[in-house]
Amino acid sequence: MNIVENKENSRIGNVLINKGWLSSEQLEQALLLQRQTSQRLGESLIQLGYINQKQLRKALNQQTWSRSSIAGVMLAASQLFISACGGGGSDSTVTTQVSQGGQTNPGPVANSAPNLDITSPSSGANFSDGQEIAFTATADDNEDGNLSQNVQWSSNLDGALGTGAELTAVLSAGSHTITATVTDSGGEETSQSISVSVNEAANTVPQISITAPVGGSSFSDGQSITFTATADDNEDGDLSTNIEWSSNLDGALGTGSSFSTVLSVGSHTITATITDSEGEEVSEIIIVSVNETINIAPEISITAPVGGNSFYDSDVITFTASATDSEDGDISQNVIWYSDIEGEIGNGASINVSLSASTHTITAEITDSEGTTTQTQIDILVSATHGTATLSWAAPTAYTDDSELDDLAGYKIYYGENADDLDQLITIEDPNNLTHVFEELRTGTTYYFAVSAYNSTGVESRLSELVNKDT
Ligand SMILES: [Ca+2]
Ligand SMILES: [Ca+2]
Ligand SMILES: [Ca+2]
């Protein structure tokens, strides 16, 4: 069939082109359709709408080699070339049929066109951008044998691809008509076309990851915060240096994979954004808090005395405290001391003080530079202490004029802490009592004592000589 067809094709095609009814491009398309459908060229031309049956008949009538017989057959059948072929598979069969129409000349035995078969890829195959595509074809020819190495490949988009039975090519993105063509030594050419699609590779969005700080982190006012992120892209590679950072409170923060800055107080939504070369943008968000600086209260402890200890009011008690502050350090020297009984009793890390007899709640108080005060308390018991003195004297027996003293009524004891001012008095209303014990004297002092006697009429003697006692 091919032999006959090709012979017919070239001649009918040329006739139609010469008549201006067909372009060479249309003829090429019709030949492609014919090969893919195994129909006759005339059928393909009519199916494609390039010519009508009338034009075809006229063209056939001009064929020199079998004009009359073909015309006769044509008139007898609607499917012209199926009838003309008669199902025969060789040139000679056609020639015989033609000769039945009265043509006695068998005609020249023409060179037959080569056969061509694209074996790979299959028509309609899809490939991705940049993918290497293997093209293979086989071609043989009755006269020339294997012509596979002569197959020439071309793309309607990319032009000539090369020559050979096997070819590898990377095609541009798009829908290609790939045509393989082989020409035999007689100049007969056979082509086959397939369509393949090369899909534009889709751009992928970049990826971004904030590595610091951890989302939800809190910072203090004024603290420098380091932000770090990585960004990469399938197409563009590492894009980390292009990361753009912003805060919903503070606006743009900077650009790059890592930087440090101080944020205003508040809850910040931090956005790191990367944009690839195709304009695809991806962001990651974290929330960080910046807190108002919180002053930490100072700490204080009373190191001496131990709470619950007992003292005498005569004791000098040493109070010691330790006070520290996160912000201010050791501020023990600022401790202020109070007694609930006596009020403020001193200030400093250590004080020495005597307290009145009572149960005292001692408060040590410290205030830091931010005005925050901390107190600590202990209770101590201060007991009163009393000096004692026992005073004894002899009873007088005579008045100063040596007359008998027979109405002695008692004694008066004058005493005090000042020898010149015995400001206290005890009256002993018993002339036979010659001793008195003092139990309520203040300790730590010197008391002075003198005694007088008085008679029943209240007349008092001179004072005895002064005696003293250290308590
Ligand atoms: Ca040939
Ligand atoms: Ca990309
Ligand atoms: Ca503080």
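**Entry 1: the core**

I began with the largest nonpolar core, where Ile300, Ala321, Ala323, Val335 and Ala364 touch the most other members out of 14 residues. A nonpolar core here is a set of buried Ala, Val, Leu, Ile, Met, Phe, Trp, Tyr and Cys residues joined through C-beta atoms within 7 Å. I count a residue as buried if 20 or more other C-beta atoms lie within 10 Å of its own, exposed if 12 or fewer, and partly exposed in between, with C-beta atoms placed from the backbone. Two or more residues of this core come from each of β21 (317-325), β26 (358-367) and β27 (373-383). I noted that β21 gives the most, with four residues. Strands (E, at least two residues) and helices (H or I, at least four) are DSSP runs numbered from the N terminus.

A note on the model: it is predicted, so local features need pLDDT of at least 70 and side-chain atom pairs count only at pLDDT 80 or more, while totals for chains, interfaces and linings use all residues. Residues are numbered from 1 along each chain as its sequence is written, and chains are lettered from A and ligands numbered from 1 in the order in which they are written.

Next I asked which residues Ala321 touches, leaving out those up to four places away in sequence. I found Ile300, Ser301, Ile302, Thr303, Ser332, Val335, Ala349 and Ala364; a contact means C-beta atoms, placed from the backbone, within 7 Å.

I checked the length of α2 (residues 24-37): its 14 residues should span 20 Å at 1.5 Å a residue, and the end C-alpha atoms are 20 Å apart, which agrees. The expected span is 1.5 Å times one less than the number of residues. Buried in α2 are Leu27, Ala30, Leu31 and Gln34. These residues sit on the same side of α2, because they cover an arc of only 105 degrees around the axis; the arc is that of the directions from the helix axis to the C-beta atoms. Just after α2, I found Ser38 with a positive phi of about 65 degrees.

Then I moved on to Leu56 in helix α4 (residues 53-61). Leu56 counts as buried because it has 23 C-beta neighbours inside 10 Å. Beyond four places in sequence, Leu56 touches Gly42, Leu45, Ile46 and Ile51. I also looked at Leu16, which is 40 residues from Leu56 along the chain, and the two C-alpha atoms are 7.8 Å apart.

**Entry 2: loops**

I looked up two cis peptide bonds. One runs from Ser120 to Pro121, with omega near -5 degrees, and Pro121 lies in the loop between β1 (115-120) and β2 (125-128). Another joins Ala304 to Pro305, with omega near -5 degrees; Pro305 is in the loop between β19 (299-304) and β20 (310-312).

Is Asp402 buried or exposed? I have Asp402 down as exposed, because it has 8 C-beta neighbours inside 10 Å. Asp402 lies in the loop between β28 (387-392) and β29 (408-416), and has a positive phi of about 75 degrees although it is not a glycine.

**Entry 3: a sheet**

I traced an open sheet of four strands in the order β30-β29-β32-β33, with antiparallel pairing. Its edge strands, β30 (424-428) and β33 (467-470), each pair on one side only. Strands pair if DSSP finds at least two bridges between them. I noted that β29 and β30 share five bridges in the antiparallel sense, and that Tyr414 has Leu425 in β30 as its bridge partner.

Notes: Two residues are in contact if their C-beta atoms, placed from the backbone, lie within 7 Å.
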